[in-house]
Amino acid sequence: MLGPAVLWAYPALAHVQQGEAAGFVTGLLHPVSGLDHVLAMVAVGLWGAQLGSPAIWLLPVCFPIVMAFGGMLGLMGVHLPGIEIGIAASGILLGAAVMVEFRPPLAVAAALVAFFAIFHGHAHGTELPPGQSALLYSMGFVLATGCLHAAGIGIGEVRRGPGGRSLLRAAGAVVAVGGTIFLWRALS
Amino acid sequence: MTGRCGRSPAFPGLVAAALATLTSPATARAHLNSTGMGPLYDGVLHFVLSPEDLLPVLGLALLAGLRGGAQSRRVLFVLPVAWLLGGLAGTAAPATGGSPFVSAAWFLLLGGLVAADARVPQGVTVGLAVVLGLSHGWLNGSGMGDFWPAVGALAGLTASVFIVVALGSAPVVSLRAHWARIAVRVAGSWVAASGLLLLGWAARLR
């Protein structure tokens with residue numbers, strides 16, 4: 001009995017593409033694994049909700065594309081100075097914008113968000129573990145970032161309730177404080 | 001008649017036959033996309049598991065849906081037919097690997113058009129469906145080997161393309177709420193963003 005059991009030949013499932021699924025999951029988890037990225041992404045959603053239409057949809061459309069452009073620059077080896085400082089500054093400025101209910105023209109808001117998106121994409125879009133699918137990693141990364149924006153917009157809708165505006169401004173203050181801590185760590 | 005131990009004289013032969021059966025190598029299923037249910041389902045599974053095929057089809061479906069029922073109906077039939085024709089032509093060609101640069105270009109083009117809610121004329125949408133179907137069908141068909149199993153796999157692929165276009169465009173055609181159409185555009189921006197990152201990876205890994 002032992003002989004046949006040991007010698008039993010199983011099908012050789014030779015190419016199971018193990019890295020493929022891992023690439024998507026890694027990309028999906030990567031944006032939520034760094035608090036600096038999470039704070040800034042949620043702040044984009046908060047600010048969009050605070051500014052209302054059309055910023056509420058323009059900022060989340062604008063950010064992933066420009067972030068991916070930053071990631072592409074990083075992948076092509078284009079050096080960008082002060083990446084960590086830029087990411088921390090995005091938390092401070094976006095959080096402060098929500099805190100003081102800053103309402104610039106739409107083009108200025110979009111340009112500000114796009115500017116910081118480059119830093120986030122450059123830092124996080126290029127961190128693919130070896131052996132995993134670059135395409136699926138990219139898809140997961142973009143999807144998770146978009147979901148963080150949606151979460152920010154969802155939180156931002158508290159502005160419609162009683163005391164909601166104050167709560168939203170307080171959330172902006174939390175983001176700004178978090179950004180300040182990250183800036184301190186980046187500079188020290 | 002039995003032997004010393006009460007066993008049949010044919011027993012060693014039976015053992016040898018059993019061992020030969022048990023130790024004979026089973027089929028080496030070399031590709032994940034083999035469902036074991038035949039080439040039709042292999043084709044379906046290949047399409048579902050290939051984002052470089054799936055995403056452009058979804059992008060074109062969303063674009064056609066944003067442009068209305070007439071464009072959606074044309075893409076619904078033109079794209080699968082072009083995919084099938086390209087695949088049949090591709091079976092005569094040696095295996096050809098797709099370029100990540102081309103995939104990235106499709107992501108950027110179709111995702112960008114959806115994100116911008118571009119008012120493209122019907123001829124352009126149908127033209128995109130023809131080029132996308134022929135080129136991706138060719139790539140699919142070129143690696144399939146024997147003709148008749150390839151026809152089965154291409155039938156599965158074509159059916160999958162039809163279903164994805166139907167499921168992607170029909171709900172978008174019926175969208176009336178402003179925010180819902182914006183959600184579709186956000187999805188387009190994600191496709192374009194994935195294309196930009198893929199372009200960077202392709203340049204880096206080249």
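This is a predicted model: local features need pLDDT of at least 70, side-chain atom pairs count only at pLDDT 80 or more; totals for chains, interfaces and linings use all residues.
Chain A is built from helices: eight of them are present, together with zero strands. Followed along the sequence, the pattern of chain A reads α-α-α-α-α-α-α-α. The chain has 188 residues, of which 49% count as buried. Its contacts may be considered next. Among the contacts in chain A with a separation of 6 or more, 89% are made by residues 24 or more positions apart.

A pair of helices in chain A shows how such elements may be arranged. Helix α3 of chain A covers residues 35-51, and its axis comes within 7 Å of the axis of α4(A), with a crossing angle of roughly 155°. Angles over 145 degrees count as roughly antiparallel, and α3(A) and α4(A) are therefore described as roughly antiparallel to each other. On the side of α3(A), the contact is formed by Val44(A), Gly45(A), Trp47(A), Gly48(A), Ala49(A) and Leu51(A).

Pro60(A) belongs to helix α4 of chain A, which spans residues 55-75. Is Pro60(A) buried or exposed? A residue is buried if 20 or more other C-beta atoms lie within 10 Å of its own; Pro60(A) has 27 C-beta neighbours inside 10 Å and so counts as buried. Apart from neighbours within four places in sequence, Pro60(A) is in contact with Val44(A), Gly45(A), Gly48(A), Gly146(A) and His149(A), and also with Val186(B) of chain B. As for distance, 21 Å separates the C-alpha atom of Pro60(A) from that of Val174(A), a residue 114 residues apart from Pro60(A) along the chain.

Ser169(B) is located in helix α7 of that chain, which comprises residues 147-173. Why does Ser169(B) count as buried? The reason is that Ser169(B) has 26 C-beta neighbours inside 10 Å. When residues up to four places away in sequence are not counted, Ser169(B) touches Ala61(B), Leu62(B), Ala64(B), Gly65(B), Ser72(B), Val75(B) and Leu76(B). Gly200(B) stands 31 residues apart from Ser169(B) along the chain, and the C-alpha atoms of these two residues are separated by 30 Å.

Note on methods. Residues are numbered from 1 along each chain as its sequence is written. Chains are lettered from A and ligands numbered from 1 in the order in which they are written. Helices (H or I, at least four residues) and strands (E, at least two) are DSSP runs, numbered from the N terminus. A residue is buried if 20 or more other C-beta atoms lie within 10 Å of its own, exposed if 12 or fewer, and partly exposed in between; C-beta atoms are placed from the backbone. Two residues are in contact if their C-beta atoms, placed from the backbone, lie within 7 Å. Axes are lines fitted to C-alpha atoms, for helices over the stretch in contact, and angles run from 0 to 180 degrees between N-to-C directions. Angles under 35 degrees count as roughly parallel, over 145 as roughly antiparallel, 65 to 115 as roughly perpendicular and the rest as oblique.
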